[in-house]
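Thank you all for making time this morning. I would like to walk you through one structure, beginning with a pocket and then turning to a sheet.

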Amino acid sequence: MNSWPWSAEFIRRIHDSPVRLVAATTGGGSLAISALVAAAGASRTVLEAIVPYSPEALTAFLGARPEQFCSQRTARAMAMAAYQRALGYAGEAAPRTLAGVACTASLASDRPKQGPHRVHAALQTSATTVAHSVELLKGRRDREQEEQLAAALVLNLAAEACGLEDRIDASLLPGERLEIARSQPPEKWQALLSGHGALAQARGGAAPPAARRLIFPGAFNPRHDAHRRMAQLAARLAGLPVEHEISILNVDKPPLDFIELEQRAAQFGDDERLWLTRAATFAEKAAMFAPATFVVGADTIARIADARYYGGEPACRAALEQLAALHCRFLVFGRLVNGVFHSSHTLGLPEALLRLCDVVPAENFRHDLSSTELRTA
């Protein structure tokens with residue numbers, strides 16, 4: 001007998017389900033992996049278990065360095081990365097039978113920690129994103145007890161993915177509260193994640209688009225006053241209504257989860273047209289919206305010219321030729337890039353891209369605060 005708060009029967013029921021998963025933990029929660037792989041039948045459930053413990057390993061796992069290593073957002077990004085790995089490993093398995101579960105935690109150590117002890121666990125499937133977070137009372141448990149609590153949260157999410165009703169008692173203390181975030185979005189959003197859909201309207205009316213489109217792509221994380229002013233000025237200059245676009249895919253990061261998509265979409269009014277897409281590159285956006293004028297900052301236009309996003313110079317040139325052939329243009333707003341204010345004509349862009357750019361003069365618009373600075377302020 002062990003003193004763990006979960007039973008062998010609980011683990012057996014997980015392994016008896018048709019769900020297959022990838023688990024990832026950092027900072028805590030690895031006892032959940034031990035519980036899953038130590039039981040008979042683990043090969044029916046566990047596709048992969050990974051512990052990207054160092055900052056470098058977690059950055060490699062996510063594809064980008066997180067702004068905080070222990071946060072709900074990072075746990076959700078880990079669960080999404082795990083789910084994407086499950087999709088890659090599962091072959092012909094239906095996406096609805098796959099899951100990614102993850103945990104990032106800051107627990108008791110051999111040296112005092114200034115910040116709170118906390119656990120963030122997350123689940124990603126084709127239909128839902130779930131996150132469980134709890135801040136622990138410091139000094140009330142030893143490391144092993146905190147590890148057991150973290151593992152219980154991960155295993156409970158694995159059980160939810162498997163459709164089980166039973167849950168492990170995480171033994172929270174008075175004053176501790178489990179915070180739960182959950183999103184089960186419309187089927188069109190789910191289709192974007194599974195790859196069965198490429199475009200979903202999240203906001204805005206049903207009016208038909210103009211013959212030429214004015215598309216404002218962005219992460220909008222968060223949307224701020226400069227974004228709104230850019231949209232207003234772009235609409236005035238182009239004489240077209242602005243349509244915003246958020247891609248769930250990013251060449252440098254895991255796809256956006258459903259909670260993240262809901263939060264970003266909620267920043268737009270019902271009268272503002274917002275599209276969710278799988279178009280990670282402007283070549284893909286052009287194929288979807290052309291003929292179109294794209295509203296971009298100087299930092300974005302620089303990335304469009306960066307060959308590493310295309311796999312080399314020949315593919316980059318081909319993408320620029322495609323943009324021109326589809327009658328796409330860029331309305332470029334100046335931005336601070338590495339501390340220097342730039343527009344498209346000061347970035348050393350290739351001539352093929354410069355020919356597609358119209359510049360908004362700095363005297364008409366300049367706003368130096370970025371979304372990243374707002375998030376970290």
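The second largest pocket has a volume of about 270 Å³, where a pocket, found on a 1 Å grid over the protein atoms alone with a 1.4 Å probe, is an open set of points with protein on both sides within 12 Å along at least five of seven lines, and the volume is the space filled by probe spheres set on the points, joined across faces, edges and corners. Please keep in mind that this is a predicted model, in which local features need pLDDT of at least 70 and side-chain atom pairs count only at pLDDT 80 or more, while totals for chains, interfaces and linings use all residues. Residues are numbered from 1 along each chain as its sequence is written, and side-chain values use heavy atoms, without hydrogens or water.

Sixteen is the number to remember for the lining: 16 residues, having an atom within 4 Å of a point, surround this pocket, and Thr-26, Gly-27, Tyr-53, Ala-105 and Lys-113 lie nearest its centre. Helix H4 (55-62) and strand E3 (98-106) each give two or more residues to that lining, helices (H or I, at least four residues) and strands (E, at least two) being DSSP runs numbered from the N terminus.

Now to the sheet, which is open and mixed, with six strands in the order E2-E1-E3-E4-E5-E6; strands pair if DSSP finds at least two bridges between them. Strands E2 (46-50) and E6 (179-183) stand at the edges with a single partner strand each, so one side of each is left without a neighbour in the sheet. E5 (residues 129-136) and E6 pair in the antiparallel sense over five bridges, and His-132 stands opposite Ile-180 in E6.
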